[in-house]
Amino acid sequence: MAARRRRTRPLVRALRRQLMRQAKGLSRHADIAKAFAYGTKRWRAFNRFLYDGQLEPDNLIAERAIRGFTVGRRNWLFSGNFAAAERSAVVLSIIETCKLCGVDAEAYIADVIERIQNDWPASRWDELMPWNWVRRQEMPLPLAA
């Protein structure tokens, strides 16, 4: 937090001065003037990261985390029907769960589909969940009797 205050606070103050200087010469109806007004109205909230070391100066982490869902949501509008949109949501949920578990989603889906096709027993479906899944070549071989 001390480093933020020492390095970043002067930059933030300079940015505010520049915004105020540039805004003076603009029509208040101009889009850029509206953007400046939006920023200056929220200036106090923007500065909070200088006084709280747990806050990030931007929301990039959150935006990256939800990007897959927001792209999917936009795509579901063009799915054709409700059932297709529902299937898209399920697939996207599987992909995001794989990401959270550090699993290659493409390899996971291909392997699980193949296992189910080859009569994988329903009593062992828990082994196919992304958090339990093990690639076939990584699976221990059964010991010979």
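Trp43, Phe46 and Phe49 form one aromatic cluster in this predicted model, for which local features need pLDDT of at least 70 and side-chain atom pairs count only at pLDDT 80 or more, whereas totals for chains, interfaces and linings use all residues. Residues are numbered from 1 along each chain as its sequence is written, and side-chain values use heavy atoms, with hydrogens and water left out.

Rings of Phe, Tyr and Trp (its six-membered ring) are taken to pair if their centres lie within 6.5 Å, planes under 30 degrees apart counting as stacked, over 60 as edge-to-face and the rest as tilted; by this rule the count comes to 3 aromatic pairs. Trp43 and Phe46 form a tilted pair, 5.1 Å centre to centre with 50 degrees between the planes, and both lie in helix H3 (residues 43–47), 3 residues apart, about one turn of the helix, helices being DSSP runs (H or I, at least four residues) numbered from the N terminus. The rings of Phe46 and Phe49 have their centres 5.8 Å apart and their planes at 65 degrees, so this pair is edge-to-face.

With a relative accessible area of 11%, Trp43 is buried (under 20%, with exposed meaning over 50% and partly exposed in between, for a 1.4 Å probe and protein chains only). Phe49 is likewise buried, at 5%, while Phe46 is partly exposed, at 33%.

Arg16, which lies in helix H1 (residues 2–24), is partly exposed, with a relative accessible area of 29%. Leaving aside its neighbours within four places in sequence, Arg16 is in contact (heavy atoms within 4.5 Å) with Thr40 and Trp43.

Conventions. Helix = DSSP H or I, 4+ residues; strand = E, 2+ residues; numbered from the N terminus.
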